[in-house]
Amino acid sequence: KPSDYLPSLCSKVDCSEKAKRTAYSVVTKMEQNYKFNGRNPMVICATALWLTLKQTTFSTTQSKFCEACGISSVSLRNTLKFIRKNNFEGIFINDCT
């Protein structure tokens with residue numbers, strides 16, 4: 001389950017407690033949406049964390065973030081495109097603000 005990966009990823013990228021809570025909310029919504037079934041849970045979790053951190057003062061490159069999380073930049077970008085294509089962005093981003 002994607003949320004199981006969140007504590008590990010948060011410690012790898014050294015994010016705040018508030019960012020962890022917000023990312024947990026985002027990843028939980030992603031888990032509940034059937035369209036995310038069959039996708040790599042680590043990538044789903046990393047994408048939720050990336051979406052959350054981009055709304056804060058966190059600054060790093062996408063490639064450094066992906067390297068720290070142990071996923072490819074392509075996987076992250078494809079999941080972000082999937083979110084935009086299916087109009088999920090507002091649903092998930094609203095939690096981040």
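The model is a predicted one. The protein chain holds six helices and zero strands. Of its 97 residues, 43% count as buried.

**The chain as a whole**

- Read from the N terminus, the elements follow the order α-α-α-α-α-α.
- Among contacts in the protein chain with a separation of 6 or more, 69% are between residues 24 or more positions apart.
- The protein chain has an accessible surface of about 5400 Å². Carbon and sulfur atoms account for 48% of that surface.

**Helix α2 against helix α3**

- Helix α2 covers residues 17–32 and helix α3 covers residues 41–53. Their axes come within 8 Å and cross at roughly 130°.
- The crossing of α2 and α3 is right-handed.
- On the α2 side, the contact is made by Ala-19, Thr-22, Ala-23, Val-26, Val-27 and Met-30. On the α3 side, the residues are Ile-44, Cys-45, Thr-47, Ala-48, Leu-49, Thr-52 and Leu-53.
- By type, the residues of the contact of α2 with α3 are ten nonpolar, three polar and no charged.

**Helix α3 against helix α4**

- Helix α4 is made up of residues 62–69. It packs with α3 at an angle of about 140°, and the two axes are 11 Å apart.
- That angle makes α3 oblique to α4.
- The crossing of α3 and α4 is right-handed.
- From α3, the contact is made by Met-42, Ala-46, Leu-49, Trp-50 and Leu-53. From α4, it is made by Gln-62, Phe-65 and Cys-69.
- The residues of the contact of α3 with α4 comprise seven nonpolar, one polar and no charged.

**Thr-47 in helix α3**

- Thr-47 lies in helix α3 and is one of the residues in the contact with α2.
- The relative accessible area of Thr-47 is 0%, so Thr-47 is buried.
- Apart from neighbours within four places in sequence, Thr-47 is in contact with Met-30, Leu-76, Thr-79, Leu-80 and Ile-83.
- Of these partners, Met-30 is in α2 and takes part in the contact with α3.

**Leu-53 in helix α3**

- Leu-53 has its place in helix α3. Leu-53 is listed in the contact of α3 with α2 and also in the contact of α3 with α4.
- Leu-53 counts as buried because its relative accessibility is 2%, and buried means under 20%.
- Leaving out residues up to four places away in sequence, Leu-53 touches Val-13, Cys-15, Ala-19, Phe-58 and Phe-65.
- Among these partners, Ala-19 belongs to α2 and Phe-65 belongs to α4.
- Leu-53 and Ala-19 are 34 residues apart in sequence, and their C-alpha atoms are 6.7 Å apart in space.

**Ser-75 in helix α5**

- Helix α5 spans residues 73–85, and Ser-75 has its place there.
- Ser-75 has a relative accessible area of 26%, so Ser-75 is partly exposed. The buried class is under 20% and the exposed class over 50%.
- Ser-75 and Arg-39 are 36 residues apart in sequence. From C-alpha to C-alpha, Ser-75 and Arg-39 are 10.0 Å apart in space.

Definitions and conventions
Residues numbered from 1 in each chain as written. Predicted model: local features only at pLDDT ≥ 70, side-chain atom pairs only at ≥ 80, totals over all residues. Heavy atoms only, no water. Axes fitted to C-alpha atoms, helices over the stretch in contact; angles between N-to-C directions. Helix = DSSP H or I, 4+ residues; strand = E, 2+ residues; numbered from the N terminus. Left-handed = near helix turned anticlockwise from the far one by under 90°. Contact = heavy atoms within 4.5 Å. Nonpolar A, V, L, I, M, F, W, Y, C, P; charged D, E, K, R; others polar. Buried < 20%, exposed > 50% of the residue type's maximum accessible area, 1.4 Å probe, protein only. Areas by Shrake-Rupley, 256 points an atom, 1.4 Å probe, with all protein chains shown as cover. Parallel < 35°, antiparallel > 145°, perpendicular 65-115°, else oblique.
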